[in-house]
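Hi there,

I'm handing this structure over to you, and I hope you enjoy looking through it. My notes on what turned up come just below.

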Amino acid sequence: MKQIRFLDVGWTYQALAPKMDTAAKRVLESGWFIHGDEVKAFEKEFALYTGAKHCIGCGNGLEAIELVLRAAGVGPGDDVLVPSNTFIATWLAVTRTGANIVPVEPVEATYNMDPAKLEEALTPATKAIIPVHLYGQPADMDPIMEFAEKNGLFVVTDAAQAHGAVYKGRMSGTLGHAAAFSFYPGKNLGAFGDGGAVTTMDDKIAERVRKLANYGSTEKYVHECKGFNSRLDEMQAAFLRVKLDKLDNWNWTRKTVASIYLEGLKDTPLVLPVIGEKIQSVWHLFVVRCKDRDGLIKHLADNKIEASIHYPIPPHKQGAYKEMENLSLPISEAIHKEVLSLPMGPHMTEEDAQRVVEVVKAFFK
Ligand SMILES: *Cc1c(COP(=O)(O)O)cnc(C)c1O
C-alpha cells in the first residue's frame with residue numbers, strides 16, 4: 001500500500017526539476033545574491049498576480065507582519081486585535097512591536113475572526129486588526145473593514161496560508177490595507193527555504209516597509225530610521241518565480257481533493273469545513289473536527305495515511321504567553337481539542353483522496 005504523505009515539499013521540486021535547476025544556475029552564475037533582478041522580477045510578478053500595487057519581498061511571514069505593523073506606526077502602548085486561534089506567528093509579530101495582543105474569538109464554522117466580536121474587544125488604545133485567512137479561506141473582510149474604517153484602525157491581513165484565495169471577487173493580498181505572505185516551504189506558494197512578502201495599495205506603507213526591511217535605508221549607508229534586516233534572497237525569488245507559474249494549477253488540485261473529501265465524508269460524524277458565500281478557499285489545509293481525534297489519527301496511520309493537527313495548543317495556552325493562560329477563550333479551546341488535518345497538497349491524486357475517504361469512513365463503521 002502506498003504511503004499518502006500529509007504534505008510533500010520534495011514532490012514540488014521533482015515536478016519542476018529542470019526549471020528549478022535552470023533558475024538555480026542562473027542565480028549562481030550571476031554572482032548576485034541579495035537585492036537583485038530576481039527579487040525585483042518576483043515582486044513585480046507577485047504584485048501582478050494579486051492585483052496589489054506594491055509587493056516587497058522580505059525574510060519570512062512573521063517579519064512581513066511585523067514590518068507592516070511598524071510601518072503603520074504600531075508600537076508600545078497600542079492594542080492589536082488578533083484571532084484567538086491562529087499560528088503563533090500572528091501573535092509574535094504583535095509582541096515584537098511592543099504592542100498588546102487582544103484576542104478575538106472565531107466564528108466556529110469557519111475558524112476565522114468573528115466580525116461581530118470586534119466591538120467588545122475595542123479599547124481606546126486599539127490601533128490595528130490582523131485578520132488571518134486561516135487554512136486558506138479569507139476572513140469575512142467586508143464587516144471587518146467597515147468596523148476598521150469607523151474606528152480609524154489599520155488592517156493587515158495575515159495571508160500566509162492564502163496565496164490565490166478570493167473574497168467577493170478580490171484577491172488575497174488586496175484585502176485590508178496591507179497583506180503579509182509567507183513562502184515557508186509548506187505554504188501554497190513555498191520557497192526552498194524561508195521567504196515572505198508584503199503587498200499593499202498604499203504608497204506610504206510600501207515605502208516604509210521597504211526602508212524598515214533594509215536597515216532603515218533607501219540610499220546605501222544612509223539610515224533614516226532604526227530598521228532591521230529582512231530580505232528575500234535571489235535564489236528563493238528565482239524558485240518562487242517558477243512556482244508562481246504553477247500556483248493556480250496546484251491550488252486547483254487542492255480544490256479537487258477538497259471536493260472529493262467534502263462529498264465523500266458528508267455522511268460521517270466529522271465536522272467538515274464550511275466556506276463562506278462568494279469566498280474561494282485555496283485549501284492550504286483541510287481541517288475536520290473529530291471527537292475521537294487520537295483514534296482517527298491512529299487508524300489513518302495504520303492505513304499508511306499521514307494526518308496532522310493545526311494546531312494542538314492555542315497561543316494563549318503556550319508557555320510563550322504564560323501571562324495570558326487564565327484568559328477564557330472557549331471557542332478556540334474547544335476547536336484545538338478536536339481539529340485534525342487530512343492530507344492536502346498538489347502531490348495528491350484523486351485516487352489518493354478517494355482512499356483517504358474510504359479509510360475515514362471505515363473508522364466510523
Ligand atoms: C506560516 C505562517 C506564518 C509565519 O510565516 P513564516 O514564514 O514561517 O514566518 C504566519 N501566520 C500564519 C497564519 C502562518 O501559517
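**Aromatic pairs**

In this predicted model, a search of the whole structure finds 14 aromatic pairs (rings of Phe, Tyr and Trp, the last by its six-membered ring, with centres within 6.5 Å; planes under 30 degrees apart count as stacked, over 60 as edge-to-face and the rest as tilted). One of them is Phe-46 with Tyr-49, a stacked pair with 6.2 Å from centre to centre and 15° between the planes. Both residues sit in helix 3 (residues 37-50), 3 residues apart, or about one turn of the helix. Helices (H or I, at least four residues) and strands (E, at least two) are DSSP runs, numbered from the N terminus.

**A word on the ground rules**

Residues are numbered from 1 along each chain as its sequence is written, and side-chain values use heavy atoms, with hydrogens and water left out. As the model is predicted, local features need pLDDT of at least 70 and side-chain atom pairs count only at pLDDT 80 or more, while totals for chains, interfaces and linings use all residues.

Domain 1 brings 35 residues to the contact and domain 2 brings 36 (contact means heavy atoms within 4.5 Å).

How much area do domain 1 and domain 2 bury between them? The figure is about 3,000 Å², with 64% of it on carbon and sulfur atoms (buried area is the accessible area, 1.4 Å probe, that two parts lose on being put together, summed over both). On the domain 1 side, Tyr-111, Tyr-135 and Asn-188 lose the most area to domain 2, together 25% of what that side buries.

Between the domains there are 0 salt bridges (a side-chain nitrogen of Lys or Arg within 4 Å of a carboxyl oxygen of Asp or Glu). The elements that each supply at least two residues of the domain 1 side touching domain 2 include helix 1 (9-15), helix 5 (89-97) and helix 9 (234-244).

Most residues other than glycine have a negative phi, and most peptide bonds are trans. His-310 and Tyr-311 are joined by a cis peptide bond, with omega about 10°; Tyr-311 lies in the loop between helix 11 (293-302) and helix 12 (330-338). Tyr-221 has a positive phi, near 65°, and is placed in the loop between strand 10 (217-219) and strand 11 (222-223).

Happy exploring!
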